[in-house]
Amino acid sequence: MRRKGLYRSVAFLAIAGLIAGACGGDDDSAPADTPEETSEEAESPAEEPAEEPAVEAGDEAEGDVDTAIEEEESAVAYGGSISVGVEAEATGLRPWEDTCSSPCYNMMIAVFDKLVEMDVNGNYVPYLAESLTSNEDFTVWTMTLRSDVTFHNGVELSAQSISDMFPIQQAGAAGSSAIAAANLVSVEATGDLEVTYTLSEGGSAFPATLSRAPVGMVFEPAAAADSEGFSMAPVGTGPFVIDARDLDNETTFVRNDEYWGTDPDGNALPYLDSISFRPIPDEGTRLDALLSGTVNAMQTLRQGTIRDARNARDDDGADITLYEFQGNNVGGGMYNVLVPPFDDVRVRRALTHMNSQEQVIEALGGTGISLPGTQWFSPDSPWWSEKVAEAWPKFDFDGGVAILTEYVNDPERSDGKAVGEPIDVELSCPPDPTLIASMQVVEQLYTASGLVNVTMTNYDQQTHIGIALGGENGFVGNHQQHCWRWSSDDDPSVNLNPALAPPTAEIAEAIGLPGVVSPLNFSNWFSPTAFQAAVAATKTDDFATRYGLYESIMLEFADQVPVYYSGHTATAIGVESNILGLNSWHVPSGDLGIGFPNAEGRWAEVFIDS
Amino acid sequence: MGKVIATRLARLVATLLAVTFLTFSMTALLPGDPVNAILGVDAVRDPEVVAKIRADLGLDDPFLNRYVNWLGNAATGDLGQSYITDQEVMTTISQRLPVTAQLAFMAILMAVILAIPIGMLGAYKQGKWQDATTSAGVQVALSIPNFIIGIFLIWLFSVQLGWLPASNWNRITTDGLVENLKTAILPASALAMTQMAIFSRLVRSDMIATLQEDYILAARSKGLSDRFILLRHALRPSSLSLMTIIGINFGALLGGTVIIETLFAIPGVGFRLINAIYQRDIIVIQGITVFIATAYVVINTIVDLLYAVVDPRIRKG
């Protein structure tokens with residue numbers, strides 16, 4: 001049986017009231033891109049109203065970040081230019097090569113279209129593609145492209161373009177990784193506009209790969225022959241065309257008059273004449289730049305800046321609008337479970353009980369902004385589970401001390417210390433002031449127990465990652481309790497599967513999977529049941545089944561505690577109040593898009609209210 | 001004179017060799033694998049890809065081999081190519097140096113314009129309230145880090161008054177001189193404050209000494225006005241050490257604008273250096289550091305040589 005509109009079906013039964021309600025979306029806004037897909041979905045048993053109590057949203061915290069994604073009521077207007085302050089310069093604008101973070105993504109999305117996008121309900125839906133279907137075991141995916149789309153250099157988009165992109169992506173630093181993760185082995189043009197993707201191992205979440213920059217952003221392959229030149233003058237099919245790129249200062253894009261996209265009323269996109277991006281690394285300066293009119297919009301991924309921007313708006317009367325987003329991404333950290341005493345679950349549980357999320361979030365500047373994390377999904381997410389939230393070990397200092405006392409007094413304690421001696425914990429975070437403040441909160445709590453000797457260390461981001469990676473010791477790493485961030489708004493498999501695969505060659509061999517080693521399992525915690533659940537979740541497109549599998553993994557996390565959480569990462573894009581449309585962009589079917597997760601805007605439908 | 005120049009140049013070469021070796025050693029000792037930065041954390045799952053990149057970049061070669069290769073290329077002006085952006089380091093520097101040089105020049109100019117009258121006033125009114133006031137002001141300027149001054153200037157002139165942009169850089173070539181100066185004046189002012197404080201203290205102390213010279217007393221006895229004496233007879237001999245420190249500080253500012261460039265998002269050499277450090281772009285770190293060190297050493301050497309030209313005692317010594 002061929003499955004059509006696969007991933008849309010996956011999420012179709014999902015989310016209904018949840019995200020739609022939370023984000024102000026519309027339950028009836030399910031994509032109806034092509035008639036046959038729509039009818040196929042209607043026949044799918046997976047589409048029965050999912051009556052899944054487990055997918056109900058959690059309660060929202062006071063001051064929760066949650067901007068409505070809703071249709072813009074003001075009449076759109078053409079023309080004008082805006083500048084956007086971003087937190088860093090893009091390392092490059094080559095989707096297949098450059099590791100892209102939020103600032104770079106804001107720029108890339110102006111010039112490139114993605115094959116697949118996420119809509120307001122969290123469904124992966126065709127974008128530059130017109131349809132995407134798979135075979136039964138998800139090893140072969142057939143995509144039909146939109147017709148009459150041209151690249152900025154006038155070359156017509158065809159299936160051959162997508163096929164020709166593949167070897168470039170395979171050779172690229174970012175592309176090769178994404179291709180390996182997706183088990184993608186070939187991309188063939190099987191028609192003028194039909195592309196066939198073949199995977200060595202089936203994955204129901206493959207559309208997520210086509211929604212991400214390394215494989216999903218479409219570039220003109222011939223232009224990519226000059227890699228460095230392409231980075232300065234990228235060629236895509238997107239709503240804007242590169243005009244000038246002044247590295248570390250300003251990158252300007254102008255309207256693509258030949259853009260294929262329209263708004264739901266049939267008006268040609270984009271609305272703006274031009275948009276420029278200015279890297280402003282200092283958070284305070286970036287906000288000041290917005291407040292002073294130096295830029296017209298700015299992004300931030302810091303709770304403290306959101307707080308300051310709110311204060312400027314509410315207390316000082318700044319004429320700005322904040323588009324805030326509470327994503328799945330959650331701060332916190334991990335315990336290296338291959339290193340004593342963290343190999344003993346009692347220690348992990350005890351330390352987690354003794355860690356006050358509320359105080360840590362306050363130290364991070366996120367009180368009233370950042371929701372406490374209990375899992376890899378925020379309460380706004382369709383994957384969030386109330387059962388997991390209840391199971392997560394809450395702050396209970398005395399309870400934690402009791403558990404740790406049991407370990408400390410155990411003659412067989414794993415760290416080899418004498419009975420009664422405190423355990424040693426190296427707590428490490430990057431040297432961000434708010435992270436250091438949060439470390440101090442944890443250090444004081446641990447020290448107050450009299451059962452923990454805490455050493456605090458700070459290394460820059462790259463070193464911090466390298467310590468956890470442990471390339472020199474078989475990916476065990478040299479960390480103990482280590483600050484980290486978890487999850488994203490991608491499909492759960494994108495982040496979870498590599499974090500659950502065998503962390504070392506020894507473990508992989510022991511379970512009969514030699515060679516299946518994931519350096520990205522940073523906590524080194526391995527559970528056969530969790531790993532199998534993660535793999536099983538990529539073999540089905542049934543949301544309820546997948547939901548149950550991910551819930552079981554999160555419950556195991558709550559029980560075994562290889563990781564811990566502070567708060568979910570709130571992000572925001574602040575704009576002058578006459579700039580509209582950021583929260584009301586659409587996918588081609590006319591449904592609303594996901595909004596602006598991770599402070600990544602879609603700029604084609606942004607306009608200046610005259 | 002020829003011998004002096006030869007000696008200075010020999011010292012210059014030795015200093016540059018030491019600087020390059022130290023820079024190369026320190027960047028090699030930095031923890032963290034540049035391959036992680038190139039690939040991103042998600043990509044390290046494929047050891048073959050990692051090994052290939054390491055081999056391509058020569059990261060597995062012995063340290064001395066890498067240094068000698070790099071030095072040989074650097075001697076021909078080839079400082080290598082960024083791991084991250086693929087851009088030539090010399091191109092990176094040549095694009096950003098004019099911005100940093102303009103900032104440094106404006107900062108020095110503003111500092112000198114302020115420092116000379118302040119220093120002269122302090123010397124002329126030595127021990128009086130004018131001297132005490134200017135000295136206190138200078139002490140404050142010296143004590144406040146320039147990034148704090150920068151934050152204050154942004155708050156005042158951008159957010160509150162709305163007169164000047166808070167960040168980024170308008171280029172003379174595309175935006176014109178006026179627009180360029182609008183973006184340059186705040187960061188240059190932030191840099192200038194510390195320089196002004198240093199310069200004015202120097203002018204004050206030198207001028208106090210000058211004002212006690214016999215020829216100044218002779219000029220006074222002739223009935224010349226204080227203003228004329230200060231400007232025509234005292235200022236020039238009091239400026240020799242000022243000229244020296246201006247040269248040295250200009251060289252230092254080429255590498256010392258890192259924080260201000262980052263605060264104001266100015267696309268200069270320092271801003272790029274900071275980004276390279278965050279990205280573990282070792283080739284760029286090495287290239288820019290060596291360039292800054294070279295500029296500093298060269299400017300110092302030029303100042304030394306000028307000193308020798310101006311003062312025969314140094315030439316003979």
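**Conventions.** I number residues from 1 along each chain as its sequence is written, and I letter chains from A and number ligands from 1 in the order in which they are written. Because the model is predicted, local features need pLDDT of at least 70 and side-chain atom pairs count only at pLDDT 80 or more, whereas totals for chains, interfaces and linings use all residues.

**Confidence.** I looked up pLDDT (the predictor's confidence in each residue, from 0 to 100) and found that chain A averages 87, with 89% of the residues at 70 or above. Over residues 1-63 of chain A the pLDDT is below 50, yet this stretch has 146 contacts in the model beyond near neighbours in sequence, a contact being two residues whose C-beta atoms, placed from the backbone, lie within 7 Å. Where pLDDT is low, the predicted coordinates should not be read in detail.

**Chain B against chain A.** I noted that this contact takes 41 residues from chain B and 42 residues from chain A. On the side of chain B, the elements giving two or more residues are α2 (34-39), α7 (146-160), α13 (258-263) and α14 (269-278), and α7(B) provides the largest share, 5 residues. Helices here are DSSP runs of H or I with at least four residues, strands are runs of E with at least two, and both are numbered from the N terminus.

**Domains of chain B.** The domain assignment, automatic or from a database, gives domain 1 (2-75) and domain 2 (90-314). Their centres, taken over C-alpha atoms, are separated by 32 Å, and the contact between these domains takes 15 residues from domain 1 and 16 residues from domain 2. On the domain 1 side, α1 (2-29) and α2 of chain B each give two or more residues, with the largest share, 11 residues, coming from α1(B).

**Helix α5(B).** I followed this helix over residues 89-124, 36 residues in total, and it reaches 50 Å from first C-alpha to last, close to the 52 Å expected at 1.5 Å a residue, the expectation being 1.5 Å times one less than the number of residues. α5(B) bends by about 35 degrees at B:Arg96, with a proline, B:Pro98, following within four residues; the bend is the angle between axes fitted to the seven residues ending there and the seven starting there.

**A:Gln444.** I placed this residue in helix α16 (residues 433-448) of chain A. A:Gln444 counts as exposed because it has 12 C-beta neighbours inside 10 Å; the cut-offs are 12 or fewer for exposed, 20 or more for buried, and partly exposed in between, with C-beta atoms placed from the backbone. A:Gln444 and A:Asn355 are 89 residues apart in sequence but 9.8 Å apart in space, C-alpha to C-alpha.
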